[in-house]
Amino acid sequence: MPALRSFWERQVFNARIEPVGETPLHIDVTVRSLPDLVLWSSASSPLRIVRSPSMVTDGVEAIGLVVPSHGFVARQNGHEVEVRHGQASGLMAEEASTFASRSFGTFQTFCVTRATIEPLVVDLDAALMRPMPTRSGAFRHLLGYVEFLKAHWRTLDRSATQLASRHLCDLLALALGAGRDATEQIRGRGLRAAQLASIKHFVSKQSKDCGLNIGTVAARFNLTPRSVQRLFETDGTTFTKFVLHQRLAHARRMLSDARYSGFSITTVAFTCGFSDISYFNRCFRRRFGATPGEMRSEGGRPAVAGLYP
């Protein structure tokens with residue numbers, strides 16, 4: 001506990017963490033720092049987090065939005081809010097508070113400075129310390145974008161993290177209640193990026209389905225096929241190319257993985273969503289500079305050096 005508290009108070013948040021009840025404390029937390037925002041992804045046994053009056057003298061003026069898998073109770077400024085599954089709530093870091101969960105669960109927490117978020121929200125203080133349903137479109141886009149970032153976190157460079165931070169702040173503002181002018185700006189900025197990220201994440205997971213098409217994807221995200229196509233065009237590609245590249249990437253990974261050494265090239269192609277082996281071979285060679293057989297014999301490296309990172 002002393003080591004955990006030292007880490008938590010210095011690296012995560014200046015607040016005291018305690019187990020609740022007789023259950024030994026278990027906590028797994030990943031902290032991802034962006035230029036204007038910090039993401040905490042955590043799983044824990046029942047716990048209590050106390051930010052005492054002496055701790056708020058650290059001068060931190062930030063907003064924390066907590067999205068739980070199961071629920072929690074928070075107290076701040078003489079008010080108490082109970083947040084259930086399917087809800088979220090925000091707290092002010094500059095005020096003393098108590099946060100408590102009664103069962104094992106996960107949390108996604110967004111911490112952003114007041115100066116960053118307040119200009120975008122109509123009445124920030126009124127939006128805090130109240131249950132907010134996470135079924136809304138703004139929350140779905142926010143959480144979908146976070147999942148996309150988690151999956152690609154190691155590949156983000158400095159400019160990408162700056163852009164992701166702005167997009168997340170935009171989506172947080174929409175979830176908390178952005179003003180009309182801010183909403184118009186956000187719809188052409190953070191919301192569009194979040195929609196594309198969510199679609200890419202979904203397509204990447206479903207690309208092995210040979211029946212995947214732009215119509216089914218558009219229906220899932222309540223968009224028209226043309227809207228989906230425009231999102232990919234803003235990224236310099238097309239829906240068809242993105243799906244193809246995802247399938248080829250899956251095939252390349254299978255060919256370099258010893259667990260699939262007994263799979264024929266045809267089986268690999270069909271497993272990755274291709275229905276035509278000749279088309280698969282042509283696309284694979286064009287993409288990687290080697291045939292599938294050559295790629296397998298080279299242990300996953302292209303036969304022609306420098307064609308693919």
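Buried means under 20% relative accessible area, exposed over 50%, and partly exposed in between. The model on screen is predicted.

**Whole chain**

Start with the complete chain in cartoon view. It has 13 helices and 11 strands. Along the principal axes, the C-alpha atoms fill a box of roughly 70 × 45 × 30 Å. Of the 309 residues, 46% are buried. Among contacts with a separation of 6 or more, 64% are between residues 24 or more positions apart.

Switch to the surface. The chain exposes about 15,800 Å², and carbon and sulfur atoms supply 50% of that area.

**Confidence**

Colour by pLDDT next. The chain averages 87, and 93% of the residues score at least 70. Now select residues 302-309, where the pLDDT is below 50. This stretch has 16 contacts in the model beyond near neighbours in sequence.

**Helix 4**

Select residues 137-152, which form helix 4. How far apart are the end C-alpha atoms of helix 4? They are 23 Å apart; the 16 residues, at 1.5 Å a residue, should span 22 Å, so the two values agree.

**Two loop residues with positive phi**

Go to Asn77, in the loop between strand 6 (71-76) and strand 7 (79-84). Asn77 is not a glycine, yet its phi is positive, at about 55°. Is Asn77 buried, partly exposed or exposed? Its relative accessibility is 45%, so Asn77 counts as partly exposed.

Finish at Met129. This residue sits in the loop between helix 3 (124-127) and strand 11 (132-133). Met129 has a positive phi of about 55° and is not a glycine. Why does Met129 count as buried? Its relative accessibility is 17%, and the cut-off for buried is under 20%.

Definitions and conventions:
Residues are numbered from 1 along each chain as its sequence is written. This is a predicted model: local features need pLDDT of at least 70, side-chain atom pairs count only at pLDDT 80 or more; totals for chains, interfaces and linings use all residues. Side-chain values use heavy atoms; hydrogens and water are left out. Helices (H or I, at least four residues) and strands (E, at least two) are DSSP runs, numbered from the N terminus. Buried means under 20% relative accessible area, exposed over 50%, partly exposed in between (1.4 Å probe, protein chains only). Contact means heavy atoms within 4.5 Å. Accessible areas come from the Shrake-Rupley method with a 1.4 Å probe; for residues, only the protein chains shown count as cover. pLDDT is the predictor's confidence in each residue, from 0 to 100. The expected span of a helix is 1.5 Å times one less than its number of residues.
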